[in-house]
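Below are my notes on the model you sent.

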Amino acid sequence: MMGKTITLPGAPGTGELYGKAVTGMLPGVGKPARVPADAPLPDTHYRLEDVRVDPAALQAYCHATGQRFGATLPVTYPFVLQFPVVMKLLTSDEFPFGAIGSVHMSNKIERKRPIEVGEPLSIETHAENLREHRKGILVDVISEISVGTELVTTQTATFLKQQRTSLSDEPRGPEPKSKTPPPPDSVLSVDLGRIREYAAASGDRNPIHMANLTAKAFGFPKAIAHGMWSAAAAIANVEAQLPGAVTYDVKFGKPILLPAKVNLYTRRIDGEGNFDIAIRDRRKGFPHLTATTRKG
């Protein structure tokens with residue numbers, strides 16, 4: 001049975017929510033260091049109504065990702081629209097682990113039809129499916145985006161809380177051998193300036209993206225690119241060829257350390273808008289992102 005629905009008076013400020021997320025890391029007052037596999041998830045649905053796209057923010061997003069600025073939203077833009085609601089959920093007292101330090105493992109966007117820039121949207125977000133993984137605890141955060149009663153996009157982000165679990169000792173698959181990758185279809189260049197531009201346009205100012213110093217505090221050698229920046233940049237060149245109803249399914253690999261040049265591979269499967277996409281390290285060939293677009 002569905003729990004309560006909280007309708008928010010407006011989009012939460014992500015700056016304030018990140019402040020709360022940092023507090024959530026403090027020993028004694030924050031979230032527990034370990035999350036049991038049977039921890040309860042909040043049964044609250046957070047709802048935001050009459051969401052309007054700010055064309056200037058959309059234009060800045062398109063500039064940061066290489067997406068086309070037009071009359072309809074890029075397929076990845078609903079992630080940005082629902083992100084403040086997701087942060088509200090992740091920083092709630094009932095949510096079992098902290099927002100900062102959790103890893104965005106995969107992302108699926110199921111678009112029923114393109115969304116026009118001027119359409120008023122409703123967003124409803126909840127968490128489900130807490131489960132163990134070899135590297136920790138996974139959870140799905142699902143946002144349904146509607147125009148009136150019409151569901152237009154479902155956005156599912158899967159987050160990992162890193163810790164030991166009962167699956168930690170399971171044998172891992174063989175490490176892929178390093179090998180020089182084949183010539184790419186194109187090369188993506190990204191630096192801290194571009195990622196800060198994306199952070200401002202998207203509202204995702206997680207400290208791991210904003211500066212080398214704050215990234216080091218969370219165990220990264222340098223600042224890293226947002227996974228959803230790479231997801232948007234990876235399909236910028238094929239966005240116009242995608243069907244109206246499309247599922248964009250992304251798995252994130254090793255983070256992109258800034259600054260970087262990375263190889264982009266785009267393989268057309270057919271004439272229906274189905275593509276296999278990958279971003280790989282230029283020297284060793286390991287994946288930063290693997291993704292598919294599929295009609296319907």
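**Notes on the predicted model**

1. I begin with the surroundings of one residue. Outside the four places on either side of it in sequence, D140 contacts H126, A127, E128, N129, R131, T156, A157 and T158. The residue belongs to strand β5. The model is a predicted one, and the points below should be read as a description of that prediction.

2. Is D140 buried or exposed? Its relative accessibility is 10%, under the 20% limit, so D140 counts as buried. Its side chain has polar contacts with two of the residues listed above: one of 3.2 Å to the side chain of N129 and one of 3.3 Å to the side chain of R131.

3. Overall make-up. The chain has seven helices and 11 strands. Its radius of gyration is 19 Å, close to the 19 Å that the globule rule gives for 296 residues, so the chain is as compact as a globular protein of that length. Along the principal axes, the C-alpha atoms fill a box of roughly 50 × 45 × 35 Å. Buried residues make up 49% of the 296. Of the contacts between residues at least 6 apart in sequence, 72% join residues at least 24 apart.

4. The sheet. Eleven strands form an open sheet with mixed pairing, in the order β1-β2-β4-β5-β6-β3-β8-β11-β10-β9-β7. At its edges are β1 (5–7) and β7 (186–190), each of which pairs on one side only. From one strand to the next, the twist averages 20°. Helix α3 packs on this sheet and touches β2 (45–51), β3 (103–111), β4 (121–133), β5 (136–147) and β6 (150–162). The direction of α3 makes about 60° with that of β4.

5. Strands β10 (residues 275–281) and β11 (residues 287–295) run antiparallel and are joined by six bridges. Within this pair, F275 stands opposite T293 of β11.

6. The core. The largest nonpolar core contains 72 residues, and Y61, Y248, I277 and L289 have the most contacts inside it. Helix α3 (residues 77–90) supplies the largest share, 10 residues. As a general point, nonpolar side chains in soluble globular proteins tend to be buried together.

7. Which residues does Y248 touch? Leaving out residues up to four places away in sequence, they are V75, T76, N107, K108, I109, A231, A234, I235, I277, A291, T292 and T293.

8. A loop residue. L257 sits in the loop between β8 (246–252) and β9 (260–268). Its relative accessible area is 33%, so L257 is partly exposed. Beyond four places in sequence, L257 touches P221, K222, A223 and I224. Its C-alpha lies 19 Å from that of T180, a residue 77 places away in sequence.

9. P207 is part of helix α5 (residues 207–210). With a relative accessibility of 15%, P207 counts as buried because the limit is 20%. Between the C-alpha atoms of P207 and A71, which are 136 residues apart along the chain, the separation is 32 Å.

Conventions. Residues are numbered from 1 along each chain as its sequence is written. This is a predicted model: local features need pLDDT of at least 70, side-chain atom pairs count only at pLDDT 80 or more; totals for chains, interfaces and linings use all residues. Side-chain values use heavy atoms; hydrogens and water are left out. A nonpolar core is a set of buried Ala, Val, Leu, Ile, Met, Phe, Trp, Tyr and Cys residues joined through side-chain atoms within 4.5 Å. Buried means under 20% relative accessible area, exposed over 50%, partly exposed in between (1.4 Å probe, protein chains only). Helices (H or I, at least four residues) and strands (E, at least two) are DSSP runs, numbered from the N terminus. Contact means heavy atoms within 4.5 Å. Two strands pair if DSSP finds at least two bridges between them. Axes are lines fitted to C-alpha atoms, for helices over the stretch in contact, and angles run from 0 to 180 degrees between N-to-C directions. A polar contact is a pair of N or O atoms within 3.5 Å; within protein, one must be able to donate a hydrogen and the other to accept it, and residues adjacent in sequence count only if both atoms are side-chain atoms. The radius of gyration is taken over C-alpha atoms; the globule rule is 2.2 Å times the number of residues to the power 0.38.
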